[in-house]
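Dear colleague,

I am passing on the structure we spoke about, and my notes follow below it. Please read them alongside the coordinates.

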Amino acid sequence: MALRQCSSPWTSRLDCPRQGRADGPICRIEVAELWVAALDGIEAFERIEVLYWLHESRRDLVRQSPADDGKTRGTFALRTPVRPNPIGTSIVALVGAEGAILSVRGLDCLDGTPLIDLKPDRALFRPIAPSQPGDFETS
């Protein structure tokens with residue numbers, strides 16, 4: 001279920017950056033009205049993880065040669081958008097939040113890309129719930 005969409009300046013895969021940049025343009029994450037209340041507290045995080053569906057990507061390549069160097073690699077060994085389930089993810093800087101709109105920097109997807117999920121950046125997140133035994137297992 002798409003939560004809504006990502007808005008960016010890129011309309012072509014050839015123009016879209018391969019990785020988001022911290023100094024990239026401000027982009028918008030638009031959340032459906034049903035999910036606006038789920039944004040409560042998001043502004044406490046300077047970075048968020050955005051998961052999105054790479055709806056214009058091919059899904060049929062098992063091996064690829066992204067550098068056109070004649071060497072192929074398995075799809076799961078690459079950060080390519082061409083995947084069996086083309087889920088994209090970016091860690092973005094949260095610039096602002098107003099209603100159903102988040103303003104972010106560091107996104108790397110096409111304008112109109114369906115939004116799957118939003119999460120606080122795991123490097124910044126500290127669980128709010130009480131600890132449980134598995135939290136302390138090391139082997």
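Two strands are taken to pair if DSSP finds at least two bridges between them, and the strands themselves (E, at least two residues) are DSSP runs, numbered from the N terminus. This is a predicted model, in which local features need pLDDT of at least 70 and side-chain atom pairs count only at pLDDT 80 or more, whereas totals for chains, interfaces and linings use all residues. Residues are numbered from 1 along each chain as its sequence is written, and side-chain values use heavy atoms, with hydrogens and water left out.

The barrel

Six strands form a closed barrel in the order S1-S2-S7-S6-S3-S8, with antiparallel pairing. Neighbouring strands of this sheet are turned against each other by 45° on average, direction ignored (axes are lines fitted to C-alpha atoms, and angles run from 0 to 180 degrees between N-to-C directions). S1 and S2 pair over four bridges, and in S2 the bridge partner of Arg 4 is Val 31. S2 in turn pairs with S7 over five bridges, where the partner of Cys 27 is Val 104 in S7. Strand S3 (residues 47-53) and strand S8 (residues 113-120) are likewise antiparallel, over five bridges, with Leu 118 of S8 as the bridge partner of Val 50.

The core

A nonpolar core is here a set of buried Ala, Val, Leu, Ile, Met, Phe, Trp, Tyr and Cys residues joined through side-chain atoms within 4.5 Å; buried means under 20% relative accessible area, exposed over 50%, and partly exposed in between (1.4 Å probe, protein chains only). The largest such core has 23 residues, of which Ile 29, Ile 48, Val 50, Leu 102, Leu 107 and Leu 118 touch the most other members. Strands S2, S3, S6, S7 and S8 each supply at least two residues of this core. If neighbours within four places in sequence are left aside, the contacts of Ile 29 (heavy atoms within 4.5 Å) include Val 50, Leu 102, Leu 107 and Leu 118.

The loop between S1 and S2

Asp 15 is found in the loop between strand S1 (4-7) and S2, and this residue counts as exposed because its relative accessible area is 54%. The C-alpha atoms of Asp 15 and Pro 120, which lie 105 residues apart along the chain, are separated by 28 Å.

With best regards
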